Amino acid sequence: MASSTSVIPNTVIPTTVNPDLQKERDAASFSSEEFAAWWAGGEEVLKFNRGVREYMEKDVDFSEMLQLQNKTHEEIIEFSTRGAIDGAKKLRRLQEERNPSGDVYWPNMYDNQVMWGLVPGGNPFGVMYVMLVKALQAQCTPEQYEDFGKRVERFEICGTYAQTELGHGTYLRGLETRADFDRKTDEFVLNTPKISSYKWWPGGLGHSSNHCLVMAQLYIDDKCKGPHMFFIQVRDEDTHEPLPGVHIGDIGKKMGFIGVNNGFLGLKDVRIPRTRMLMRHAQVKADGSYVSSPTNVLTYFAMVRTRCVVARSNAIMLAAASTIATRYSAVRRQSPINPNEREPQIMDHVTQQMKLFPEIGTSVAYRKASEYLWNLYDVTIKDIENGKYERLPELHSLSCALKVTCSMDSAAGVEKLRLACGGHGYLTSSNMSNLYVNATAACTYEGENTVLLLQIGRFLMKTWRAALTGAPLPPTVRYLAEVQKNPEFGKWTGSWENMVKAMQYAAANRTQLAFKSLSNRLSMGETEANAANHTGIEFTQAAELHGRAFVFSAFTEAVTGAKSKTRSANFNRVLENLLELYLVKETLNQMGHLLRFINLTDTDLSRLQDRLETVLTKLRPDAVGIVDGFDFSDLQLNSTLGSYDGNAYERIFDAALKNPMNQKSVPKSFHEILRPFMKSNI
């Protein structure tokens, strides 16, 4: 019998907006445009971002992006490289057309959200601009940056930041890659002595870099001076072949960031000039004399910046997942609340609201908290340029705290939102799986979360000790001293300001308990290291609460502070509802800690539950308007469930029809495997 060919329509997607979704937009109590301007950082910024995004996306095939997961690993890397370079070309053209003497578009927007739609599997050159260029700018001497830093910035060469090894990640002092200084030749000799020494994980290292910034242990006369940065060429600039002594490649498929081309790097007797060690802070002279950095933290400062990036990026990922799930919940109808009525939009079910709305509030809370973090980062950078390093411990601690809590909450939140989409959320075309694996990756990269909590814990111990002596404290930990002085600090009233203080009170008391446990162990003769290890659980508890107390404070200030006077009354009500939901939800989540230190009655707890249910009801009419205010394009969301037109079923079906498996009515495996087997049983 002759085989038949499936007739696949070009598209089944209507050109109209789903009426249920349009109804939600029409019923919103505020302007989504006002929200979008606030979210973007002002009307001019919003207008600018939209203009760039439209330019970047105008010739991109949306349906091809949805088929990314159907490609092979090699095809995905190739596809991502093409998308990344197309994006670079477009930004360069924009720069030439609109800002020829500046850098507003290129390269400053290369790691911006406007690139999302072009590289749904991740940008193989993202680390080059997020970390490498920034590290070179911060660590090179002016001469070094002129020599090779600008070449990276201009994308004349391509590179990455190579720190993590197969055997060591967060513990940098344990890195095994060596850089031995050879006085005779005025060179460093780099080696990865064993398999565990291989650099492992750097984004773009596989086949998308011809240079990299390697973190290695500096040795002079066989004496270790600790980790330092070395700029190394690993591939020929013309042929792209690995250079002698360089073993380099791709580490294979991962759960997420499937297009980032993460790689491995082994070095055997690779020689580089002495001037390829970054020497803005620490130096090695030609005679082998060593000048140390004014503070060791400067060596790791690129990671501090990247943790700031994580806090912002993961908040945006959670906002994207919230947009998808909320729009889908507005068009999906199921399970009548009253038996004789039409199936309602699933967003009418209070249990569905509880899955959706808290995650919207959480994404906004972390976005506002990350803005404070970035402001602190900018101030600290200026201080460093002037030789002042006092803010570094606070910045390091706060960047760790937000990186940990935001990655943790966004990963859990995206998964909750995927579940809120039912079975269809399990489709890769929903993009929920991609958002989840990208969000959860942040729990381990740029510092594994538990290790970072332990670092914050040690910072809190030092700060508590300082508070006991009356020493001045950095702004974000001053509440530790206030709790010590004011016994009324933890009295419960339930106002927003009081809820902030309650979380600070719990964090301070957790810190005090950890400090007592640490002190007891030290008094019993344990070493500082062993005592800290044995107090580790209490360190992490105090550290997490410290991070959450900061988010409480930052979000409350963003909503109720002086800038609220510049917003409309209707918009302020929406933000206040989001703040109320976030504070109440997270207070209930942390009730185990709060009840230990604060006298909350059963009536207080019942009131919190009532407030939770009340604010869900208040937010219900505005939910779609809020997520519209996040202002994602369909290409950025890359989701069949979350498109602006709300035609979810048609888009799911359209994506299935375009699946490569459905381009033939009968697969090859039927003729070669299935049919012969079935015939053999006759």
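## A network of salt bridges

Asp409, Glu544, Arg548, Lys585 and Glu586 are linked in a network of salt bridges, a salt bridge being a side-chain nitrogen of Lys or Arg within 4 Å of a carboxyl oxygen of Asp or Glu. This is a predicted model, in which local features need pLDDT of at least 70 and side-chain atom pairs count only at pLDDT 80 or more, whereas totals for chains, interfaces and linings use all residues. Residues are numbered from 1 along each chain as its sequence is written, and side-chain values use heavy atoms, with hydrogens and water left out.

Arg548 and Glu544 both belong to helix α16 (residues 536–560), where four residues, about one turn of the helix, separate them; helices (H or I, at least four residues) and strands (E, at least two) are DSSP runs, numbered from the N terminus. Both Arg548 and Glu544 are buried, where buried means under 20% relative accessible area, exposed over 50%, and partly exposed in between (1.4 Å probe, protein chains only).

Side chains of opposite charge can pair when their charged atoms come close. A search of the whole structure finds 35 salt bridges. In one of them, the side chains of Lys199 and Glu165 meet with an N to O distance of 3.1 Å. This pair links distant parts of the chain, since Lys199 lies in strand β4 (residues 199–200) and Glu165 in the loop between β1 (159–162) and β2 (178–182), 34 residues apart. Lys199 counts as buried because its relative accessible area is 1%, and Glu165 is likewise buried, with a relative accessible area of 3%.

Another salt bridge joins the side chains of Glu359 and Lys416, at 3.7 Å from N to O. Here too the pair links distant parts of the chain, with Glu359 in helix α9 (residues 350–385) and Lys416 in helix α10 (residues 392–420), 57 residues apart. The two partners fall into separate accessibility classes: Glu359 is buried at a relative accessible area of 6%, whereas Lys416 is partly exposed at 39% relative accessibility.

## A polar contact of a buried glutamate

Glu580 is located in helix α17 (residues 569–589), and its 12% relative accessibility places Glu580 among the buried residues. The side chain of Glu580 is joined to that of Trp496 by a polar contact of 2.7 Å. A polar contact is a pair of N or O atoms within 3.5 Å; within protein, one must be able to donate a hydrogen and the other to accept it, and residues adjacent in sequence count only if both atoms are side-chain atoms.

## Surface patches

On the surface, Lys58, Lys89, Arg93 and Arg98 gather in a patch of positive charge. Patches are made of residues with over 30% relative accessible area and no salt bridge, like charges being joined within 9 Å and nonpolar side chains (Val, Leu, Ile, Met, Phe, Trp, Tyr) within 5 Å.

Phe677 is part of helix α23 (residues 668–680) and counts as exposed, at 52% relative accessibility.

## Backbone features in loops

The peptide bond from Trp106 to Pro107 is cis, with omega near 0 degrees, and Pro107 lies in the loop between α5 and α6 (126–139). Asp221, although not a glycine, has a positive phi of about 55 degrees; its place is in the loop between β5 (211–220) and β6 (223–233). Asp631, also a residue other than glycine, has a positive phi near 65 degrees. Asp631 is found in the loop between α20 (623–629) and α21 (634–637), and is buried, with a relative accessible area of 15%.

Gly245 is in the loop between β6 and β7 (246–250) and is partly exposed, with a relative accessible area of 34%. The C-alpha atoms of Gly245 and Asn191 are separated by 8.9 Å, while the two residues are 54 residues apart along the chain.

Technical notes. Areas by Shrake-Rupley, 256 points an atom, 1.4 Å probe, with all protein chains shown as cover. Lys, Arg positive; Asp, Glu negative; His and termini not counted. Charge placed at Lys NZ, Arg CZ, Asp CG, Glu CD.
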